[in-house]
Amino acid sequence: MGKRVCILDYGSGNVRSVANLLRFLKIDFVLSNRVEDIETASHIVLPGVGSFGSSMKKIQDRIPLEALGTEVLIKQKPFLGICVGMQVLAETGTEFGLHKGLGWIPGRVRKFADHGLPIPNIGWNTVLESSGNSLLGEHQKLDFYFVHSFVFEVNNQKHAIGTTEYGEIYASIVRRDNIVGVQFHPEKSQKAGMILISNFMNMR
Amino acid sequence: MKKKRLIPILLLRNGSLVQSIDFSEYLILGNPVEAVKRLSEWAADEIIYLDISGGEKFDAGRSDLGNAFKRTFREVIVDVADATFMPMTVGGKIRNRTDIAERLSQGADKVSLNTIAFDNFRMVEEAVLEFGSQCIVASIDYKEIDGKLRAMVDGGTRDTGLSPQSWSKRLEEIGVGEILLNCIDRDGKKNGYDIETISEISADLKIPVIALGGVGNWEHFREALEKTDVDAVAAANIFQHTDQSVYHAKKYLFDSGLSVREPMLLSI
């Protein structure tokens, strides 16, 4: 069976950019929330911009979470969450009140500590990948484009497979088995984003 | 480590990509989408696309010849967003939050506000709340009038009566994410940035400042990055006149030991 990505379409602002990047890389994809598209996809992508709470609400309202859970947690299809799509993998988020996340990777999402640096953190920054992972390929160190005020604090450090420094060292790539989340925007990161997406597509 | 950014600025005037000199003379450069694709291939860190259409000013390009490239600003933005994979800020002709929402849905990541920020300060405050600080760039065009620096609006024709220092501070206070600081007196002059003013303002603000106006060679970028606290250096004309301009500029800065993204050429 050929590879096909289902980009979950729940009204997130960067869906179009993510779709553009997959199209450019000649990756077959569908933009959908339908159960049959989620079931027939080989890979699943959850984009995201905006706040934790409002994103979770839209996700709960529009995405069939039971079917998604079956594909991701039981059938273990490769799953990629981007930005807020990464943050909602946590158990809780604290942006504009306490909200429950999907809880697929243990941890919580909290605001950057005050380091005297501008928040939101906007711009290009380096991601260091721990060895034994392959999302950055042979590079293990690439620059990506970030826009965020909140960070994912994982309970188990082994789930933080990529880290970045901005006043503090935080998880910029989280991974638990087939579930991957990236805090940055691969769809705005030119070549580095293409490398990451290509390597994600090689996961099975 | 966080990187300093190198940002090409593109000016669209009445459907064509143009070069601006002194905010008063405009030369038509060519296809407004292809030019950006090249900048993207040379790995620009982001781009700022400004619509400066209209006005009574002299247009050095011949519109009868320029028609082949003519596109509406909206068409250009959509095409650019679809063909490049980098952050894009869009400015010009934004009057309200509906305009902002529209630009974002067309593929912009941020919007740049200038005249409207002065005329309708309240709207900017509301836009920050609705779209987030990261989305709102305030652009300040300033020039010297009777020995004093003044923030100007309406394409540099109307004096706000405010200094760029105090205006930028007020904009920071209401939560705009970045300041694009443009010295009109140096527009198209190639004699380097107004280091003194940029240095003062970038030291005074916590939010990122983007320097613009006057770049004539790569050393001017370096000077601003070394002598001021700017987060990004921008230029328009210089990027349009040499092949692989962004790549060479980045390489020069990288080789000078500055914290910029490693130069590369993308085969896209």
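This is a predicted model: local features need pLDDT of at least 70, side-chain atom pairs count only at pLDDT 80 or more; totals for chains, interfaces and linings use all residues.
Residues are numbered from 1 along each chain as its sequence is written, while chains are lettered from A and ligands numbered from 1 in the order in which they are written.

**Exercise 1.** Work out whether the radius of gyration of chain B agrees with that of a compact globule.

Solution. The radius is taken over C-alpha atoms, and the globule rule is 2.2 Å times the number of residues to the power 0.38. For 268 residues the rule gives a value near 18 Å, and chain B has 17 Å, which agrees. Along its principal axes, the C-alpha trace of chain B spans about 45 × 45 × 40 Å.

**Exercise 2.** Determine how the buried residues of helix α8 of chain B are arranged around its axis.

Solution. Helices (H or I, at least four residues) and strands (E, at least two) are DSSP runs, numbered from the N terminus. A residue is buried if 20 or more other C-beta atoms, placed from the backbone, lie within 10 Å of its own, exposed if 12 or fewer, and partly exposed in between. In α8, residues 195-204, the buried ones are B:Thr197, B:Ile198, B:Ile201 and B:Ser202. Judged by the directions from the helix axis to the C-beta atoms, these buried residues fall within an arc of 115°, so they line one face of α8(B). On the other side of the helix, B:Glu196 and B:Ala203 are exposed.

**Exercise 3.** Identify the residues with the most contacts inside the largest nonpolar core.

Solution. Such a core is a set of buried Ala, Val, Leu, Ile, Met, Phe, Trp, Tyr and Cys residues joined through C-beta atoms within 7 Å. The largest has 141 residues, and B:Ile210 and B:Ala211 have the most contacts inside it. Its largest share, six residues, comes from strand β1 (residues 5-13) of chain B.

**Exercise 4.** Locate A:Ile119 and decide whether this residue is buried or exposed.

Solution. A:Ile119 lies in the loop between β7 (107-111) and β8 (121-129) of chain A. With 21 C-beta neighbours inside 10 Å, A:Ile119 counts as buried. Not counting residues up to four places away in sequence, A:Ile119 touches A:Phe112 and A:Ser149, where contact requires C-beta atoms, placed from the backbone, within 7 Å.

Note on methods:
Two residues are in contact if their C-beta atoms, placed from the backbone, lie within 7 Å.
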